[in-house]
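This briefing is meant for someone opening the structure for the first time. It begins with the place where two chains meet and then turns to a single residue.

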Amino acid sequence: MSVPYVKLPAWVEYGLIPLVNLVVAFAVAGLVVLLVGESPLEAAYHMINGAFGRGEYIGFTLYYATTFIFTGLAVAVAFHAGLFNIGGEGQAYVAGIGVALACLWLDRIMPWYVVFPVAILGAALFGAAWAFIPGWLQAKRGSHIVITTIMFNFIAASLMNYMLNRVMKPLGSMSLETRTFDAGGQLPKLDWLMSIFGLSVGTSPFNVTFLLALAAAFGVWVLIWRTRLGYEMRTMGHSPAAARYAGIKEARIIVITMMISGALAGMMALNPIMGETYRMQLDFVQGAGFVGIAVALMGRSHPAGIIPAAVLFGVLYQGGAEISFEMPSISRDMIVIIQGLVILFAGALEHMFRPAITRAVLAFSGRGRTQAAVKGA
Amino acid sequence: MDLLQLFLELGQSTIRLSTPLILAALAGLFTERAGVFDIGLEGKMLGGAFAAGCVAFVAQSAMAGLLAAVVVSVLLSLVHGYASITQRGNQIVSGVAINFIVAGSTVILGEAWFRQGGRTPALAEGARFQAIDLPFAEELRGVPLLGPIYADLISGHQALTYFAFLMVPITWWILYRTRFGLRLRAVGENPGAVDTAGISVIWMRYRGVICCGILCGVAGAYLSLAANAGWTKGMTAGKGYIALAALIFAKWRPVNVMLACLLFGFLDAFAIRYQGTPLPLIGKVPVQLMQALPYILTVVLLAGFIGKAIPPKAGGVPYVKER
């Protein structure tokens, strides 16, 4: 990561620059809509309406956002230690086993508030275990974390295919899923929360996992900025050499960071399995692990940025469903394009507009004019 | 004789399945040797396959399709190059982004233009690559052992397959016997030294990235114009990542790339052929294990248990000219 030439005010760094990147990403996505022969404005209208038009729609938006908060936090935690965890998809997928085991074991004898903590633990453990191996390999054997986590995504897909085909499918069933959980394996919806705002949840699966996601976001903030471990992680992310010089054990931090990251990605599995379908199905992650990359980049790896970024992607998912319903020539794959563009402009090209914005901001504030002239920024 | 038949059958599908892998892995070899990591091989291949399917259908010509695939793939490479060389962005992030953009836009555009539920119209004979019979294939068939091997295993593939295998020695020659190759390798190991010698690091890297685009385009065209009759949604199905795995497996060397791709192609062919049949000694192997094997092998290799895979030293690091 290259260092900015001039220190910019926080609202520019965390507000204006991501916003400009986002607007450009959407403008390019609008071009694709034009290429298909449809009106981008109409698509935008359907997206906003589909995401916020009714209480039920808002419920869906926040349901998706819940998932993305977890995967976004997972990527962000690893980012802080300079690790690029691209394996959220596989970690969340394998974590489904932990959730499913807890539910299959307890759902008939315990109420949801007993099953839920056990399932959280199961999800976190399985997710962390799946992230432990790439973390350990990077720390001890020097294998590149990006490549190993990609490979582990594919291995997870094969493993889960096997598990659902041979092990976890009820006898005599044809479809690749576990049995449907009883009441103990079903999380309550957040209708009371929505009714405060005079809205109804309707059929949307907006459930208590959302509150867990908010708690996790707060927990990550505490971890990264208020604990010794978080300090060590950030030091290592900034300069591995400095961290080593300061006596920070690199291998230990890598493994712990990856396990926390995997646990966060794993908790995503609670939302669809216990909150929506009440069973574990094939492909329940549906790319959420990759959305986490875009969310973390958009949110600048800060929980306060990740929550709105996750909601934005919730809007994209729910609004995108509405667009594909109203405008048949635009399928839900539009979301994938927008996601890719956000990753490109907010991630890989994050510094493209920085010089121009820096110049504009400094010229506007006047105060930094001489400074800008000196630095030639 | 039965054993020979089996060998020929497996060998043929191994060659068929490893052709796109070889092309894509050699593509990755060029860019990664130049110091630009690329996990966007998948996206470029898919984009190339899509362009090839569209243009070959409209123009009714396989060559036009191939050309379109190369153009689209090179353009995508240039986006990656702009982000990771000129803007010094994160190469991994850029590659991920390209995979997403292509996966989404091929489906949307394909559906809008052809309305066939995620595919281009089936291509007629003239718009596809045809199998080529090498000279004397039929005449030599009678020769014991070597005859059938020549006629059924070596002859009878499409032009792009021969191109892929030919590219292996050519790539070796370019990398190790030309000035361009020397500089390309140097720019991936020590860009500072190349810069000191007065050669533009940026331009060298762009050339590596363009070579990658060309070969990825050919790999894509192979998928939609030779292995299949047209483009279908998500048809690369992880082949770009397998190619990446093969590249690591081969420790960034051309001949090893071919061997690794043949191995992964063979595993695939074997899994398809023996789905569900118990094997002697091992018993019944779950097909999922066979599918995961290339990835597992790569992880084991990366862990250094079967030799160490050392990537080009300056790979993944944007070059900043010192001031």
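How many residues of chain A are in contact with chain B, and how many of chain B with chain A? In this predicted model, 40 residues of chain A are in contact with 42 residues of chain B. Between them the two chains bury about 3,600 Å², and 79% of that area lies on carbon and sulfur atoms.

**The side of chain A**

- The residues of chain A that lose the most area to chain B are A:R141, A:M151 and A:F154, which together account for 16% of what that side buries.

**Polar pairs across the interface**

- Between chain A and chain B the count of salt bridges is 0, while 1 residue pair is found in polar contact across the interface, with both residues at pLDDT 80 or more.

**Elements and composition**

- Two or more residues each are given to the side of chain A that touches chain B by α1 (10-36), α5 (112-141), α6 (145-167), α13 (288-298) and α15 (333-348) of chain A.
- The largest share of that side comes from α6(A), which provides 13 residues.
- By residue type, the side of chain A that touches chain B divides into 26 nonpolar, 11 polar and 3 charged residues.

**One residue of chain B**

- B:H157 is placed in strand β2 of chain B, which covers residues 157-158.
- B:H157 counts as buried because its relative accessibility is 6%, and buried means under 20%.
- Leaving aside residues up to four places away in sequence, B:H157 touches B:Q12, B:I15, B:Q130, B:A131, B:I132 and B:Y162.

Definitions and conventions: Residues numbered from 1 in each chain as written. Chains lettered and ligands numbered in written order. Predicted model: local features only at pLDDT ≥ 70, side-chain atom pairs only at ≥ 80, totals over all residues. Heavy atoms only, no water. Contact = heavy atoms within 4.5 Å. Buried area = accessible area lost by both parts, 1.4 Å probe. Salt bridge = Lys/Arg side-chain N within 4 Å of Asp/Glu carboxyl O. Polar contact = N/O pair within 3.5 Å; in protein donor to acceptor, adjacent residues only side chain to side chain. Helix = DSSP H or I, 4+ residues; strand = E, 2+ residues; numbered from the N terminus. Nonpolar A, V, L, I, M, F, W, Y, C, P; charged D, E, K, R; others polar. Buried < 20%, exposed > 50% of the residue type's maximum accessible area, 1.4 Å probe, protein only.
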